[in-house]
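These are my notebook entries on one structure. I record what I looked up, entry by entry.

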Amino acid sequence: MIGTGISVNSITARRRHPLARVAVVALALGLLGGGYALAAPNGSTADAAIASGKADDVAQGKSLFVAHCASCHGMNAEGTNKAPTLIGVGAAAVNFQVSSGRMPAADAGPQAPRKPRPEWATDQAVDQLAAYVQSLGGGPTVPSAEQVDPAKGDPAKGGELFRANCIQCHNFVGAGGALTYGKYAPPLNPATPTQIYEAMATGPQAMPVFNDSTITPEQKRDMIAYITHVRSQVDPGGSGLGRIGPVTEGLVAWVVGLSLLILASIWITAKKRRAA
Amino acid sequence: MNAPPKAITGVSTFVDDRIGAGNFLKRNLRKIFPDHWSFLLGEIALYSFVILLLTGTFLTFWFKPGMAETTYTGSYAPLYGVKMSEAYASALNISFDVRGGLLMRQIHHWAALLFVAGMTVHMLRVFFTGAYRKPRELNWIIGILLLSLALLEGLTGYSLPDDLLSGAGLRITEGVMLAIPIVGTYLQFFLFGGEYPGHDVISRFYSIHILLIPGILLALVSAHMILMWVQKHTQMPGKGRTEKNVVGAPFYPAFMIKAGAFFLFTFGVIALLGTFAQINPIWLFGPYTPADISAGSQPDWYMGFLEGALRLMPAWEINFLGHTVTFSVLIPALVPLGIVMTGLALYPFLEQWVTGDRREHHVADRPRNNPHRTAIGISGITFYGILWLLGANDEISANFHISLYTTTWFGRIAIFVGPAIAYWITYRMCIGLQRKDAEVLSHGVESGVIKRMPNGQYIEVHTPPAEDIAEHIRGKKEIPVLESAEDGEGIPPKGARSALGRLRAKMSEAYGTDHVPLTDGHHEEGHEGEHAGVGAGDRKELH
């Protein structure tokens with residue numbers, strides 16, 4: 001170019017640099033994203049944050065999210081090809097997944113198993129994370145202590161609902177069961193009442209959602225009453241054998257019952273009459 | 001000798017004068033029974049049956065076989081106020097409000113599992129020792145009938161409490177009935193008295209379970225025992241044991257005491273299980289409604305192989321002249337049962353047809369000495385075992401974290417490959433064990449003494465086997481082979497001319513040919529040179 005001391009050729013050369021295209025796309029995306037973030041309505045985010053906790057919690061939650069969740073769920077919980085978006089899943093889903101140790105997931109499998117929580121996932125951290133995700137797009141909230149109090153539920157009614165809705169996958173008394181393609185319905189014994197409620201409300205992993213119009217909050221509490229009552233029950237008939245029905249019973253009949261009797265028959269016939 | 005006290009002679013003379021049982025008892029109380037642990041396996045079933053009759057009677061005092069709806073007001077809180085059938089309510093009542101009721105229910109159920117398990121192992125013992133051979137074929141058939149009836153008895157009993165688990169079993173039973181072409185729907189309406197589940201099936205099953213089948217079982221058990229008594233028990237081969245004698249202890253007192261003790265053992269084990277291991281906790285299952293179904297719905301173990309067959313079967317269904325033929329239910333319901341039960345019932349006759357063996361057998365075979373029979377038996381067990389295992393494939397999948405479809409595909413392949421592999425392995429094992437036997441007879445047993453020869457060679461000194469072991473081994477009996485060789489003019493014998501006849505002759509040759517004939521000691525030429533290093537040769541030097 002005349003007078004600048006930079007030749008046109010050198011500009012052209014830079015334009016044709018292999019990284020030029022990447023730089024342009026990055027610039028354009030940055031402008032677009034930044035512009036959208038500035039222009040997008042922020043009102044609902046603030047309202048939701050206020051509804052589910054303090055605005056501080058949302059900010060704290062966001063930093064926790066960026067540190068522990070964003071690598072799979074995306075920087076803004078928009079989802080990636082590794083994990084779904086979390087916009088609209090609600091605080092209940094976050095509380096369920098993180099408090100039961102399922103999230104952060106350890107590795108990609110058909111289903112994330114329940115495991116001990118990581119150190120950072122304290123109750124407070126879970127609440128903050130939940131507040132952040134709730135602020136993104138609403139969704140089911142964490143139930144109150146009263147909503148999940150087994151003492152306030154009717155176990156008999158809950159039992160009928162449980163048998164009609166849950167045992168297809170979770171087995172008669174929640175011992176868990178197999179599903180297709182390596183998925184499974186986990187045992188219900190380690191789940192807290194809050195987690196049971198949240199699982200019904202959010203339908204984690206392979207589980208369907210039982211929303212409030214399908215099963216009312218009172219009915220959910222009845223079911224929690226039934227589940228916690230039955231699982232804390234001392235088996236009146238002796239060892240419960242895992243409470244999974246005839247499979248372990250048959251195993252015990254053969255391995256314990258029949259083996260003992262065969263040993264007895266060997267012992268009895270080994271006793272010979274002494275020759276007089 | 002002291003005369004017996006008057007109290008005894010008086011009563012026994014009174015009875016003997018009127019019934020004349022003295023002679024009968026005199027003859028039969030000294031009946032000789034051979035001693036072998038495996039001969040007691042059938043008694044497990046017999047004593048479990050006695051326990052079943054006693055505990056079952058107790059349960060009938062409180063059980064109400066009705067399907068009328070009632071509201072539960074008993075002491076089990078999580079079901080309080082729930083609507084259910086009378087049958088289920090009364091079963092809960094037995095479990096929670098009748099003193100000793102739960103223990104009786106549990107003993108009854110454990111006894112039922114051991115009843116069928118005892119029958120199964122007893123039947124396997126009879127099969128593998130060839131104790132079903134002439135003259136005992138009819139008693140074998142009675143045994144197969146007993147086993148089939150026991151399965152039906154178990155199925156009806158399992159359904160009675162009308163809980164959600166038994167309802168699932170009943171629903172499958174209904175499905176199987178419906179799958180039967182042409183008559184299926186009629187049969188189903190006949191049994192259930194209308195649409196499923198109706199109001200009749202529990203009371204009908206009750207009559208069948210407590211009256212009809214136990215009556216037939218009792219009659220057949222008696223026939224089974226009388227035939228065994230009359231034909232005498234088979235004995236294992238051994239010293240002084242021939243086809244014409246029975247070596248053992250007399251019924252009274254020796255065998256009676258052993259049998260009595262074994263009854264107490266059986267009762268003890270069943271009572272222990274009934275006390276410490278919970279079985280069929282119907283209160284956890286809840287009342288049956290056709291709308292509900294649970295994961296982990298399994299039948300009791302003896303129906304597990306049918307469950308497995310159903311789970312393995314691909315969903316095959318055709319439409320034939322406007323009728324649906326549901327192979328996906330029909331095949332798993334009928335084919336494995338047919339192969340196992342019909343195969344067992346026919347085996348004595350098939351074996352006779354193949355071997356042409358019309359002799360009487362009172363000395364049992366050691367399983368190794370009839371390798372093809374043993375291999376057939378083991379492949380049958382493998383076939384049954386794979387189906388049985390796959391009947392629990394959801395529990396296997398859930399507890400061992402194996403994908404459910406993986407277990408299904410494993411089963412679909414293993415059900416064909418497994419029995420074949422089992423056949424081959426068993427056959428080779430039998431031949432190997434026979435070789436070991438032959439070696440023990442011809443070379444003796446290893447003494448553990450190592451000897452150095454003058455030329456520096458080391459050998460282990462072998463000693464002749466103990467007499468009872470040698471006699472046990474020598475009890476091996478040849479399996480007859482049909483005559484199929486051509487005569488001098490190139491004409492095969494009459495039976496071997498048709499295609500079937502040729503097949504029969506071929507099978508007979510394969511089945512009966514003894515690959516490891518027993519030789520006593522070192523009579524064969526050239527034998528010593530071959531084996532001098534390990535035994536026979538040096539024994540001479542020891543002498």
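This is a predicted model: local features need pLDDT of at least 70, side-chain atom pairs count only at pLDDT 80 or more; totals for chains, interfaces and linings use all residues.

**Entry 1. A pair of helices in chain B**

The axes of α13 (residues 327–355) and α18 (residues 499–512) of chain B cross at roughly 100 degrees and come within 8 Å. Angles from 65 to 115 degrees count as roughly perpendicular, so α13(B) is roughly perpendicular to α18(B).

From α13(B) they are B:Trp353, B:Val354 and B:Thr355, and from α18(B) they are B:Arg504, B:Met507, B:Ser508, B:Tyr511 and B:Gly512. By class, this contact has 4 nonpolar, 3 polar and 1 charged residues.

**Entry 2. The two chains**

For chain A I recorded 12 helices and 2 strands. Read from the N terminus, chain A runs α-α-α-α-α-α-α-α-α-β-β-α-α-α. Chain A has 276 residues, and 39% of them are buried.

For chain B I recorded 20 helices and 8 strands. Chain B has 543 residues, of which 38% count as buried. The C-alpha trace of chain B spans about 95 × 80 × 55 Å along its principal axes.

**Entry 3. Where chain A touches chain B**

How many residues does the contact take from chain A and from chain B? I found 53 residues from chain A and 58 residues from chain B. On the chain A side, the elements that give two or more residues are α8 (155–165), α9 (167–170), β1 (177–178), β2 (184–185), α11 (217–231) and α12 (246–270). The largest share of that side comes from α12(A), with 17 residues. The residues on the chain A side divide into 29 nonpolar, 18 polar and 6 charged.

**Entry 4. The domains of chain A**

The domain assignment of chain A gives domain 1 (41–142) and domain 2 (144–235). Their C-alpha centres lie 23 Å apart. The contact between them takes 15 residues from domain 1 and 15 residues from domain 2. On the domain 1 side, I counted 8 nonpolar, 6 polar and 1 charged residues.

**Entry 5. The nonpolar cores**

The largest nonpolar core has 149 residues. The members that touch the most other members are A:Leu129, A:Val133, B:Trp110, B:Ala111, B:Leu114 and B:Phe115. Helix α5 (residues 101–128) of chain B gives the most to this core, with 15 residues. Domains 1 and 2 of chain A both give residues to this core, so the core lies between them.

Leaving aside neighbours within four places in sequence, B:Trp110 is in contact with A:Ala253, A:Gly257, B:Ile270, B:Leu273, B:Gly274 and B:Ile279. I also found a second, separate core of 6 residues, which includes B:Ala375, B:Ile378, B:Ala422 and B:Cys430.

**Entry 6. B:Phe251**

B:Phe251 is found in helix α10 (residues 251–276) of chain B. Is this residue buried, exposed or partly exposed? B:Phe251 has 17 other C-beta atoms within 10 Å, so B:Phe251 is partly exposed. Beyond four places in sequence, its contacts are B:Asn28, B:Leu29, B:Arg30, B:Lys31, B:Phe33 and B:Met256.

**Entry 7. Backbone details**

A cis peptide bond joins A:Met103 and A:Pro104, with omega about 0 degrees. A:Pro104 is found in the loop between α6 (90–99) and α7 (123–137) of chain A. The peptide bond from B:Lys134 to B:Pro135 is also cis, with omega near 5 degrees, and B:Pro135 lies in the loop between α5 and α6 (137–159) of chain B.

A:Tyr181 has a positive phi, near 50 degrees, and lies in the loop between β1 and β2 of chain A. A:Tyr181 has 11 C-beta neighbours inside 10 Å and therefore counts as exposed. B:Ile182 has a positive phi of about 65 degrees and lies in the loop between α7 (164–179) and α8 (184–192) of chain B. With 9 C-beta neighbours inside 10 Å, B:Ile182 counts as exposed.

Notes:
Residues are numbered from 1 along each chain as its sequence is written. Chains are lettered from A and ligands numbered from 1 in the order in which they are written. Helices (H or I, at least four residues) and strands (E, at least two) are DSSP runs, numbered from the N terminus. A residue is buried if 20 or more other C-beta atoms lie within 10 Å of its own, exposed if 12 or fewer, and partly exposed in between; C-beta atoms are placed from the backbone. Two residues are in contact if their C-beta atoms, placed from the backbone, lie within 7 Å. Ala, Val, Leu, Ile, Met, Phe, Trp, Tyr, Cys and Pro count as nonpolar, Asp, Glu, Lys and Arg as charged, and the others, Gly among them, as polar. Axes are lines fitted to C-alpha atoms, for helices over the stretch in contact, and angles run from 0 to 180 degrees between N-to-C directions. Angles under 35 degrees count as roughly parallel, over 145 as roughly antiparallel, 65 to 115 as roughly perpendicular and the rest as oblique. A nonpolar core is a set of buried Ala, Val, Leu, Ile, Met, Phe, Trp, Tyr and Cys residues joined through C-beta atoms within 7 Å. Domain bounds come from an automatic or database domain assignment.
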